[in-house]
Each structure stands twice: as C-alpha cells, then as structure tokens.
Amino acid sequence: MTGLPFGSDLETKRLLLAPCREEHLAGLYAMNSDPEVMRYITKRPETLADTQKMIARVQARWTKWGYSWWTFIERHSGEIVGAGCIQNLRRDGIEPEVDCPLEIGWRVRRDRWGQGIATEAAWAMAEFAFDRLRTEVLCAVCDPENTASIAVMLKLGMSYRGLEHWYAQQVATYDVTAEAWRNARG
Ligand SMILES: CC(C)(COP(=O)(O)OP(=O)(O)OC[C@H]1O[C@@H](n2cnc3c(N)ncnc32)[C@H](O)[C@@H]1OP(=O)(O)O)[C@@H](O)C(=O)NCCC(=O)NCCS
C-alpha cells in the first residue's frame, strides 16, 4: 500500500498494529466470520467478499485520511488476533463524514478474549489519535449490552455520554478528552 503516513505502524508489548492490507485477509476473515465476534456489530458473520471489500475500503481511507483500521498481529506467533480503528463516526450509511467526531473501535479473535489484548491495542490507538492526530476528544460507541466493549472503554478513562444516534441506530456513547485520557494513563 502506498501513501501511508510515517508512524502508522504501532507497537505494544505483545502486538504489532499494522494498517489492514491484502495479506491480512485470511486472518481477518477468520475473525469476522465468527458470529460471536459480530454479535453486537453487524449481527451477521462476514463473507470472504465482505472482508475483501473492507480491506479495500480501509486502504483507501488510510491513503486519503491517514487513519483507519489496523490489524492486530501477535508478535510472538505472527498470528492475526484482532483489529481496531480510529475513524470518524457516521450518522447513517453516508461517508465520508469527516466533520463527525473521531471514534476508537476494536474486535479480538474469540480464542484470545479476556487476555487484555483489546485494552493493550486501545491504548496505542488512543495515543495515535491524541498525540499524532491531535484530537481533543475521542468517542466510542457500542450496543448497550456489549459489556466487554464497555469495560475496555472504561479502562481508557472514558465516560458515558448517553444513548446517541450513530450508524443509523441508538448506541451507548462514551468519550474521553485528551486530558482525562492522559490522567487515566498515569
Ligand atoms: C470487546 C472485545 C474486543 C474485548 O476484547 P478483550 O481483549 O477480551 O478485552 P480485554 O481482555 O482487554 O478486557 C478488558 C476488560 O473487559 C473485561 N471483560 C472482558 N470480557 C468481558 C465480558 N464479556 N463482560 C464483562 N467484562 C468483560 C475484562 O475482564 C477486562 O477487565 P479486567 O482487566 O478488569 O478484568 C471482545 O470481547 C470482542 O472482540 N468482542 C466482539 C467484537 C465487539 O463486540 N467489538 C466491540 C464493538 S463496539
């Protein structure tokens, strides 16, 4: 992929976060075709064609905006264990909506749940949003019943803002300012 901004690859203790690209297709498809992973997102498993389209869409966004989705690669095994993003929230299906606030998002392969992977990646993605993109506020949204995702939001120092209309539905909306995030990070 060309046109990626310097520093778009992120690194944490256990993970490499690399902008999604074609060579991640099999690993991303394995995760996104799991109905349990998609339960609170689209409520249906992805097809291989869906994942292919997602990678193409995301690559175009990286080139155009300089932020989008990363693939989480476990450093010790080289395996794809998740994905996450910094992107603009969307009201409905329309895009781009760069005037909408930035959101952070995550998903993790089911056999790696409960190991702190989403939280570890989220710290690195939030740092990218606050320190590189200089955003003042970062949002996160989810199905109100998605307690695992809410737990990650709270770990990042996010506060509940209420039920808001994003992605053509009512979603639990959380946010954190740069200052509150720095305090939560310690
Ligand atoms: C949400 C998700 C990414 C969390 O990933 P994860 O790597 O398991 O999260 P972490 O291990 O970093 O857990 C963070 C905290 O959430 C807690 N948590 C994890 N699963 C939980 C659950 N089902 N219910 C309540 N809390 C949960 C953990 O205990 C942890 O807190 P602790 O350290 O105090 O114990 C993962 O469950 C997932 O991929 N779900 C499907 C995709 C999805 O819904 N993504 C979010 C869309 S908004």
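I work from a predicted model, in which local features need pLDDT of at least 70, side-chain atom pairs count only at pLDDT 80 or more, and totals for chains, interfaces and linings use all residues. Residues are numbered from 1 along each chain as its sequence is written, and side-chain values use heavy atoms, with hydrogens and water left out.

**Helix α3.** I looked up the helix at residues 48–65. Helices (H or I, at least four residues) and strands (E, at least two) are DSSP runs, numbered from the N terminus. α3 has 18 residues and spans 25 Å from its first C-alpha to its last. That is close to the expected 26 Å at 1.5 Å a residue, where the expected span is 1.5 Å times one less than the number of residues.

Which residues of α3 are buried? I find D50, T51, M54, I55, V58, Q59, R61 and W62. Buried means under 20% relative accessible area, exposed over 50%, and partly exposed in between (1.4 Å probe, protein chains only). The cover over these residues includes β2 (15–19), α1 (25–32), β3 (69–74), β4 (80–88) and α4 (117–132). After α3 comes G66, with a positive phi near 85°.

**Ligand shell.** I counted 21 residues around the ligand, taking a residue as near if one of its heavy atoms lies within 4 Å. The closest are V108, G114, G116, T119 and N146. By class the shell holds 12 nonpolar, seven polar and two charged residues. Here Ala, Val, Leu, Ile, Met, Phe, Trp, Tyr, Cys and Pro count as nonpolar, Asp, Glu, Lys and Arg as charged, and the others, Gly among them, as polar.

For V108, a backbone N or O atom is 2.8 Å from an oxygen atom of the ligand. For A118 the corresponding distance is 2.9 Å, and for I117 a polar backbone atom lies 3.5 Å from a ligand oxygen. The ligand taken alone exposes 930 Å², of which the protein buries 69%; areas come from the Shrake-Rupley method with a 1.4 Å probe. β5 (102–108), α4, β6 (137–142) and α5 (147–155) each give two or more residues to the shell. α5 gives the most, with six.

Leaving out residues up to four places away in sequence, A140 touches I104, M153, M158, A172, T173 and Y174, contact meaning heavy atoms within 4.5 Å.

I then checked A30, which lies in helix α1. A30 counts as partly exposed because its relative accessibility is 49%. A30 and M158 are 128 residues apart in sequence and 30 Å apart in space, C-alpha to C-alpha.

**Positive phi.** Most residues other than glycine have a negative phi. I noted R134 as a non-glycine residue with positive phi, near 60°. R134 sits in the loop between α4 and β6 and is exposed at 62% relative accessible area. Y167 also has a positive phi, near 50°. Y167 lies in the loop between β7 (159–166) and β8 (169–177) and is partly exposed at 22%.

Key: A polar contact is a pair of N or O atoms within 3.5 Å; within protein, one must be able to donate a hydrogen and the other to accept it, and residues adjacent in sequence count only if both atoms are side-chain atoms.
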